[in-house]
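The following questions ask how the labels given to residues, pairs and strands follow from the values behind them.

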Amino acid sequence: MHCLFCGADQPEMLTFRSLLRAADSPGFCRSCRDRLALIGSQNSCQLCGRDLLLLDSGTVHGHICNDCMQWKKSGRNGLYERNHAVYQYNAFIKDVLNQFKFRGDSVLACGFANEMKRSFRRIRKEQRLKWQSGFIRSSGDYIVVPIPLSMKRLAERGFNQAEVLAETLGMPIINALIRVRHEPKQSKKNRRERLIVRDTPFRLENEYASLILGKNVLLIDDIYTTGATMRLAAYALSKGNPLKVDSLTLIHA
Amino acid sequence: MLLLSRSKGLPPNDYANVQHILHGREFRAEELPLSEKVIKDCVKKGYVAVRSGIVPLNESVLDLLTDRKKWLCARCGNRDQETFATCTCGRCRKNCIYCRHCLTMGIVRSCTKLVTWCGPEPALHHRFIHQNGPLCVWDGTLSDEQSAAAKALNQALECGKSFLVWAVTGSGKTEMIYPAIERQLKNGRRVVLATPRTDVVRELLPRMRAAFPDVPISGLYAGSEESNADAPLVVSTAHQLIRYSNCFDCIFIDEVDAFPYHFDRMLEFAIRKAARPGAPIAYLSATPPADLKNDYLSGKLCGVMLARRYHGHPLPEPQFRWIGNWLKLIRKGQLPSLLCEWLRAKMGQKRQMFVFVSSVTLSRDLTELLQRAGFSGTAGVHAEDPHRHAKVSDFRKGKINILVTTTILERGVTVPGVEVCVVGADDPVFDDRALVQISGRVGRSAEFPSGDIIFFHNGKTMAMVRARKQIEQMNQNGGFR
């Protein structure tokens, strides 16, 4: 089996698990996986999912990072609760993301499938536990909504990376949002520009409004940087009165 | 009348523009600075040809019967089914196949159109063709053997026949092709000098520019910023030729046997696509691959063999030294003592040294070890090193004494007075060709015609023995025994 990213033909280590499991989907080789920085769920920020071990302890307030405190104070969260992230941003994942997103190598999403699925399972489990212990009323499962691209960007890029990532979860995908306004890329903006209060470029598709009514929505995107996009999307979704909006991203930058 | 005026098409200026962009090249429709309307109009006029990026490939009856689809990438010639993938295409709203093999040059999907010029040829308007004097101002002289080879090469290319120059390392191959290049350019032909590696292009380009000052030369390699696409002489890596189509009348391939070319069929495909049908190819190599060698020996391919270096001294022959399990030693953080001794001795003589290793990690480790052992001016380079070009040029200037390198510097690099050792010559990375090339780094200049070349090993391999034999054989052919 060749590695999806580096093309090396490295045999997997033989373990009972790999022996007993059905044939693997194509993925990354060991050395590529080692270079990806997974975020442990124990030491991630409870609101944005970033790796807290990388921060000074002074900027962390009991499992919540400074940025998220700022968001809380700003009152722009609305129905948006929290983000989960799989990998921490580093030079290696930058290369992988570059090939995946900007060169259009959409098959790389398969390499992330296992970790994406695992994160999704964990999110659902947490949700169930909360329900069982009576914290929340509804056990309602998540509705998976990828962050959309504008028509123009879609034509330029050829595919929506968030949708491809959402497909790896194996859940039905609801394209409830559409991006009505074509804006400059977030990745070309700096922090200040991203955080400026602006109108949401998203719109809730009317026919899906009934689907998300009273449900939990899980937004999917490739990267969480400041969280501005997520909040704008959650704001657009709030027209359909979901119970809450969470998000799962591949990377926390 | 009204109808006629409506179907007038584009102003003639626009066609010239399209011709300028597309002639001899092939692009994806989306990377062109032309609107869809302009392209459509040109297609209607028969000036521009459009074809699909990915085409189905049904080679055998079995494929037809089993209904398993196979694909071929029309741009890079890839037919390895594992490197095709599907994506839900945002453009055509269908499941598209795309080629992962040539992804770095922009994605080719099933719905991608490849566009090329098939209309009339543009007029040649290079000033130098009408110039009377010689184009080549290189003031060196060729040895008798070199000029005989150059003459044979020139003749063969004039008749449109391919030619193999089988010449030992450091025999002055590049200088030998100057007369042939000059002749072809004078005849108004477009010439490309293709090499497998960026480093070699970077070395060749200034030499060609110095030799042909009046000829516009464009140098193409990953990261080069060259826009002069019409230059009659192009020095390029084989990869960059993939955007050319049906363009060159004459092709020189330097170092045919270098690793990417004979491993990667894409590059061969790229060169064939860039050439016009029937364009002669001149192969230059010190260690030609088996198929070319056989064709030459059986007389199918014209060619010439040069067994002497231009300065007339024999090739330095490699020596073998056993150093035990070098990998284990280096992993433990120890330097093999024989290696240490040799390096110390050479440092005392104020010589510069290449130390070849088999892998990137080994190059890092050994560099660190040598620096710690007190060898000042040690640096390591490998393919992923962002500063590698700077380090190599520092080495040339003499700022670095010991350069630890992977096989990337095995060919095309000329540093006078350098001595070479290979640490772990028994590693399978070093095949006989690589070892011959590495040995060829030594004694290339007339001032320093000899020097040590030492293979530190843990057990002789076939490749090492063959490499030494080949060098001895060449020296014998050159009349040194």
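Predicted model: local features only at pLDDT ≥ 70, side-chain atom pairs only at ≥ 80, totals over all residues.

Q: What makes strand E8 (residues 163-167) of chain B largely enclosed by the rest of the structure?
A: Buried requires a relative accessible area under 20%, and five of the five residues of E8(B) are buried, so the strand is largely enclosed by the rest of the structure. B:Phe163, B:Val165 and B:Ala167 point one way from the strand while B:Leu164 and B:Trp166 point the other way, and all are buried. In a regular strand, side chains alternate between the two faces of the sheet.

Q: How do you know that E8(B) and strand E13 (residues 281-285) of chain B pair?
A: Pairing needs at least two bridges, and four bridges join E8(B) to E13(B), the two strands running parallel. With strand E14 (residues 302-306) of chain B, E8(B) likewise pairs in the parallel sense, over five bridges, and there B:Ala167 stands opposite B:Leu306.

Q: Why is the contact of A:Arg124 with A:Asp141 called a salt bridge?
A: The cut-off is 4 Å between a side-chain nitrogen of Lys or Arg and a carboxyl oxygen of Asp or Glu, and the closest N and O atoms of A:Arg124 and A:Asp141 are 2.7 Å apart, so the pair qualifies as a salt bridge. The pair links distant parts of the chain, with A:Arg124 in helix H5 (residues 109-132) of chain A and A:Asp141 in the loop between H5 and strand E3 (142-146), 17 residues apart.

Q: Why does A:Arg124 count as partly exposed?
A: Partly exposed lies between the 20% limit for buried and the 50% limit for exposed; A:Arg124 has 27% relative accessibility and therefore counts as partly exposed, and A:Asp141, at 37%, also counts as partly exposed.

Q: How do you know that B:Glu26 and B:Arg51 meet in a salt bridge, and where do they lie?
A: Their side chains come to 2.9 Å, N to O, which is within the 4 Å cut-off, so the term applies. B:Glu26 is in strand E1 (residues 26-28) of chain B and B:Arg51 is in strand E2 (residues 48-52) of chain B, 25 residues apart. B:Glu26 has a relative accessible area of 4% and is therefore buried, whereas B:Arg51, with 36%, is partly exposed.

Q: What makes B:Lys300 exposed?
A: Exposed means over 50%, and B:Lys300 has a relative accessible area of 69%, so it is exposed. B:Lys300 forms a salt bridge with B:Asp295, the closest N and O atoms being 3.8 Å apart, and B:Asp295 counts as partly exposed at 27% relative accessibility.

Q: How do you know that a salt bridge is present between chain A and chain B?
A: The closest N and O atoms of A:Asp105 and B:Arg100 are 2.8 Å apart, within 4 Å, so they form a salt bridge, and the count between the two chains is one. Helix H6 (residues 151-157) of chain A gives the most to the side of chain A that touches chain B, with four residues. The residues of that side divide into six nonpolar, five polar and five charged.

Q: How many residues of each chain are in contact?
A: In contact are 16 residues of chain A and 15 residues of chain B, and the chains bury about 1,100 Å² between them, 41% of it on carbon and sulfur atoms.

How values were computed
Residues numbered from 1 in each chain as written. Chains lettered and ligands numbered in written order. Heavy atoms only, no water. Buried < 20%, exposed > 50% of the residue type's maximum accessible area, 1.4 Å probe, protein only. Contact = heavy atoms within 4.5 Å. Buried area = accessible area lost by both parts, 1.4 Å probe. Nonpolar A, V, L, I, M, F, W, Y, C, P; charged D, E, K, R; others polar.
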